[in-house]
Amino acid sequence: MHFRPARRLLFLLTYTLFFYVTFSCRAADKRELIIVSPHWEGIQYEFGRAFEQHYFETFGEPVHVRWRDMGGGTSQIEKAIDAGFKATPGSCQIDVFFGGGIDPYESQKRKGQLQPYRLPEPILKKIPVSIGGFNIIDPDYTFYGAALSSFGILENRKVIEFAKLPPVNSWEDLCQPELSGWVSSADPRKSGAVHMIYEIILQAYGWDRGWSVIYRMSGNVKSFLPASSGPTKEVATGDAAYAVSIDVNGLAQQSFLGKDKVLFKIPPGVSIINPDGIAILKGAPNLPIAQEFLNFVMSEKGQTLWMKPTGSPGAATKYNITRMGILPYFYDADISQLLVPVNPFTLDYPFHYSSATGSKRWNVINDLMGQSVIDVHTHLRKAWEAIQKAPPSQRKILLAQFTKPLITEEQAMSLSTIWKTDPAQSRRLANQWMNEAVRRYQLIYDSAQAPP
């Protein structure tokens with residue numbers, strides 16, 4: 001009788017250990033795929049569900065897709081990947097990087113952090129090599145374009161009608177002073193998609209005029225939100241009239257609310273269509289499964305999920321994803337039945353976007369935007385409003401001061417090396433930009449208040 005409590009304790013410990021070992025072994029037996037992605041929950045749900053089903057039907061074994069949360073958009077994901085490889089150079093313990101445009105994949109390739117993989121020939125031969133100057137198939141097979149993205153403006157038609165706001169068809173139209181407080185944007189340092197919008201503006205209009213558009217448009221932005229989906233949600237609820245957005249966010253709101261309420265527009269001549277990447281990361285812990293995931297996404301099965309409405313054969317089951325796929329023959333039939341009734345392979349591309357330029361100066365542009373626009377936005381808006389109230393004789397001079405770039409394009413390109421190699425110096429320069437921007441906005445404000 002004296003030993004019963006001890007025996008009971010031994011039994012409980014033995015049972016617990018048995019349960020733990022059994023559970024761990026079963027968990028280890030289940031195959032897993034680890035993906036990092038800025039894609040919204042609808043894409044993650046549909047591709048995760050469909051791939052798990054596809055893998056079981058193909059191999060007769062279950063697999064679990066685990067979406068690793070990095071707590072932010074593409075820029076944060078890139079930083080996390082870089083930190084992972086810095087800690088363990090052989091592998092960051094993630095299998096697949098999925099979504100976020102194309103520039104991050106060019107960057108990861110240069111760093112040697114992608115695992116080359118050539119798709120099977122039956123899949124590869126159906127995919128165009130490029131579109132609009134962008135590679136859909138990387139020449140070294142380190143990454144692919146999994147879908148196509150466009151960038152534009154989502155507008156709330158009811159708010160525009162009620163507030164009697166002027167029409168907007170281009171990025172520069174968002175600079176109209178009447179739109180003050182009606183425009184919504186996100187922080188390009190936290191979203192690769194939003195960063196692309198500002199880089200497109202710089203390349204489409206040219207450096208000097210591009211910064212003029214960015215500064216004036218930012219004067220009308222009510223606030224810069226932390227997530228790329230935030231601006232379109234503000235437009236959907238009527239808290240803003242216009243949002244700069246990647247197509248997937250704008251078209252999702254348009255699909256949900258209807259074109260009579262919100263409308264997504266691609267600015268003609270000053271926007272692009274570019275691939276949205278996918279790649280296997282170096283040292284992928286589940287390499288064969290990662291390769292099969294790329295096969296699935298780039299095949300007809302995966303491409304159907306982007307383009308066809310729920311209820312269609314092989315389509316998404318819960319969320320309409322609303323993306324353009326990369327298989328041209330999908331557009332041969334009646335495209336009005338697709339979620340995005342646009343054939344990207346027949347569009348005219350009015351300007352040639354340089355992916356190499358955008359990728360090289362990515363971090364410099366982020367800090368220029370951050371230090372001269374976003375982190376000093378209160379000062380910027382105060383100066384912008386003061387310019388509108390200044391006498392006409394002063395307005396032109398003040399506007400020229402307000403819209404002048406802090407550095408030249410040549411300086412931005414040359415500084416990209418410092419941003420990669422010398423964090424301390426890049427931080428000092430960024431702080432100088434902030435101080436200069438604040439001084440400039442204060443001077444403009446004071447000058448606008450002075451009598452003519």
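This is a predicted model: local features need pLDDT of at least 70, side-chain atom pairs count only at pLDDT 80 or more; totals for chains, interfaces and linings use all residues.
Residues are numbered from 1 along each chain as its sequence is written, and side-chain values use heavy atoms, with hydrogens and water left out. Helices (H or I, at least four residues) and strands (E, at least two) are DSSP runs, numbered from the N terminus.

**Backbone at two loop residues**

- Q93 is not a glycine, yet it has a positive phi of about 65°.
- You will find Q93 in the loop between helix 3 (74-87) and strand 3 (96-98).
- Y141 is another residue other than glycine with a positive phi, near 60°.
- Y141 lies in the loop between strand 6 and strand 7, and at 24% relative accessibility it counts as partly exposed.

- Strand 8 runs parallel to strand 9 (residues 221-225), and three bridges join them; two strands pair if DSSP finds at least two bridges between them.
- Strand 8 also runs parallel to strand 10 (residues 242-246), with two bridges joining them.
- V183 has a bridge partner in each neighbour: V221 in strand 9 and Y242 in strand 10.

**Salt bridges**

- The whole structure holds 20 salt bridges, each a side-chain nitrogen of Lys or Arg within 4 Å of a carboxyl oxygen of Asp or Glu.
- One of them joins the side chains of K109 and D140, at 2.8 Å from N to O.
- This pair links distant parts of the chain, with K109 in helix 4 (residues 103-110) and D140 in the loop between strand 6 (134-135) and strand 7 (144-156), 31 residues apart.
- K109 counts as partly exposed at 26% relative accessibility, and D140 counts as partly exposed at 45%.
- E155 forms a salt bridge with K265, where the closest N and O atoms are 3.3 Å apart.
- That pair also links distant parts of the chain: E155 is in strand 7 and K265 in strand 11 (residues 262-265), 110 residues apart.
- E155 counts as buried, at 8% relative accessibility.
- R189 and D187 form a salt bridge with their closest N and O atoms 2.9 Å apart, and D187 counts as buried at 4% relative accessibility.
- A network of salt bridges links E78, D82 and K111.

**Helix 16 against helix 18**

- Helix 16 (residues 392-403) and helix 18 (residues 423-449) pack at an angle of about 175°, and their axes are 10 Å apart.
- Helix 16 is therefore roughly antiparallel to helix 18; angles under 35 degrees count as roughly parallel, over 145 as roughly antiparallel, 65 to 115 as roughly perpendicular and the rest as oblique.
- Axes are lines fitted to C-alpha atoms, for helices over the stretch in contact, and angles run from 0 to 180 degrees between N-to-C directions.
- Q394, L398, Q401 and F402 in helix 16 meet R440, Y441, I444, S447 and A448 in helix 18, where contact means heavy atoms within 4.5 Å.

Technical notes. Buried means under 20% relative accessible area, exposed over 50%, partly exposed in between (1.4 Å probe, protein chains only).
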